[in-house]
Amino acid sequence: MQIAEAVPLSPAAAKARAHAAAARDSLRTEPKAVRIVIITLAVLFLTVFVVLPLVVVFAQAVSRGVLAYLAALAEPEALAAIKLTLLVAAISVGLNLVFGLVAAWAIAKFEFTGKTFLITLIDLPFSVSPVISGLVFVLLFGAQGYFGGWLRDHDIQILFAVPGIALATTFVTFPFVARALIPLMQEQGTQEEEAAISLGASGLQTFFRVTLPNIKWGVLYGVLLCNARAMGEFGAVSVVSGHIRGETNTMPLLVEILYNEYQFVAAFAIASLLAMLALITLVAKTVLERHLDEGQDISDH
């Protein structure tokens, strides 16, 4: 190597090497002026559409002082909205966690008739407006709906109550867990599960001791996104809630009501909680993505 490096290159070879290096550099980088323009536009866009709205929300929330901010959050109506939001999020995340695990397991590990149709159904809430989703539940469980008469005769309240809000939220959020797990489980394959079963493990033992540890970060990632969407859902919940103050208003609905009534401090105080949730979700999402990337790197090696 030292002898080869000591031999001087011919002018043609040196020129060819210089052109090759320049070509590689041109593929990796843009001209300095272009890079500056692109970075400036990206930073400006994020500042105007992400950072500035968050700053405005928190500034308006504490515009009359911290005590007024805390008093707005301590209002009975605000506390009821917070509790309802947490309850609905817990219900929808729990249901979607079970459904997501089952659906991802079936799609990634087995071949069966209707598999493509099942994947299409999972993606359906992504393509349907949340308002339309809420209207579907009104058509099903409303007073003039398909099941409205039977529900009324048995004194069962779905719409304008917690069950209706939970159903609508579950519908618009159920793709998140499944969509986070399907590609991960497909990439891992079935070799480890087949080895465990060949050694005498049962199906449940294989799932809890082999499959679940391998997908734990994907499960947390899907649950995180599902929870964030559940707490911030507005359209579908607005249709089925009835806007009964202190009973069926979630945090997003209460923000709209307070803002329309010119109670700006209270509205932005509730909105600041949702903004805090978004920031926490962003940080947790970054951490979980790092764990997922590390897990994929380990599996590749």
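Here are some notes on this structure, which is a predicted model, for someone looking at it for the first time.

1. **The overall picture.** Start with the fold: the chain has 15 helices and 0 strands. Of its 301 residues, 33% are buried. Take the contacts with a separation of 6 or more: 72% of them are between residues 24 or more positions apart.

2. Have a look at helix α12, which covers residues 203-232. Its end C-alpha atoms are only 37 Å apart, while a straight helix of 30 residues would span 44 Å at 1.5 Å a residue.

3. Follow the chain out of α12 and you reach E233, in the loop between α12 and α13 (235-241). Is E233 buried or exposed? Its relative accessible area is 4%, so E233 is buried. Setting aside residues up to four places away in sequence, E233 touches P130, V172, T250 and P252. Also worth a glance is A89: it is 144 residues from E233 in sequence, yet the two C-alpha atoms are 9.8 Å apart in space.

4. **What the E233 side chain does.** The side chain of E233 makes a polar contact of 2.9 Å with the side chain of R229. A polar atom of the E233 side chain also lies 3.0 Å from the backbone nitrogen of A236.

5. **Salt bridges in general.** Side chains of opposite charge can pair when their charged atoms come close. How many salt bridges are there in this model? The count comes to 6. Among the residues involved, E77, R245 and E261 are linked in a network. The next three points go through some other pairs.

6. **E193 with K109.** This salt bridge has its closest N and O atoms 3.2 Å apart. The pair links distant parts of the chain, with E193 in helix α11 (residues 191-198) and K109 in helix α5 (residues 76-109), 84 residues apart. Both ends are tucked away: E193 is buried, and so is K109.

7. **R179 with D123.** Here the closest N and O atoms of the salt bridge are 2.9 Å apart. R179 belongs to helix α10 (residues 175-188) and D123 to helix α6, so this pair ties together parts that are 56 residues apart in sequence. R179 is partly exposed, with a relative accessible area of 30%. D123 is partly exposed as well, at 28%.

8. **K115 with E111.** K115 sits in helix α6 (residues 115-127) and forms a salt bridge with E111, with 3.1 Å between the closest N and O atoms. Which of these two residues is buried, and which is exposed? K115 is buried, because its relative accessible area of 15% falls under the 20% cut-off. E111, at 71% relative accessibility, counts as exposed, because that value is over 50%.

9. One of its polar atoms lies 2.7 Å from the backbone oxygen of I107. For the backbone oxygen of F110, the distance to a polar atom of the K115 side chain is 3.3 Å. I107 and F110 are also the residues that K115 touches once those up to four places away in sequence are left out.

10. **A buried glycine in a loop.** Finally, turn to G142, in the loop between α7 (130-141) and α8 (148-153). At 7% relative accessibility, G142 is under the 20% cut-off and therefore counts as buried. Which residues does G142 contact, leaving aside neighbours within four places in sequence? They are F137, G148 and L159. G142 and Q157, for their part, are 15 residues apart in sequence and 9.4 Å apart in space, C-alpha to C-alpha.

Note on methods. Residues numbered from 1 in each chain as written. Predicted model: local features only at pLDDT ≥ 70, side-chain atom pairs only at ≥ 80, totals over all residues. Heavy atoms only, no water. Helix = DSSP H or I, 4+ residues; strand = E, 2+ residues; numbered from the N terminus. Expected span 1.5 Å × (residues − 1). Polar contact = N/O pair within 3.5 Å; in protein donor to acceptor, adjacent residues only side chain to side chain. Contact = heavy atoms within 4.5 Å. Salt bridge = Lys/Arg side-chain N within 4 Å of Asp/Glu carboxyl O. Buried < 20%, exposed > 50% of the residue type's maximum accessible area, 1.4 Å probe, protein only.
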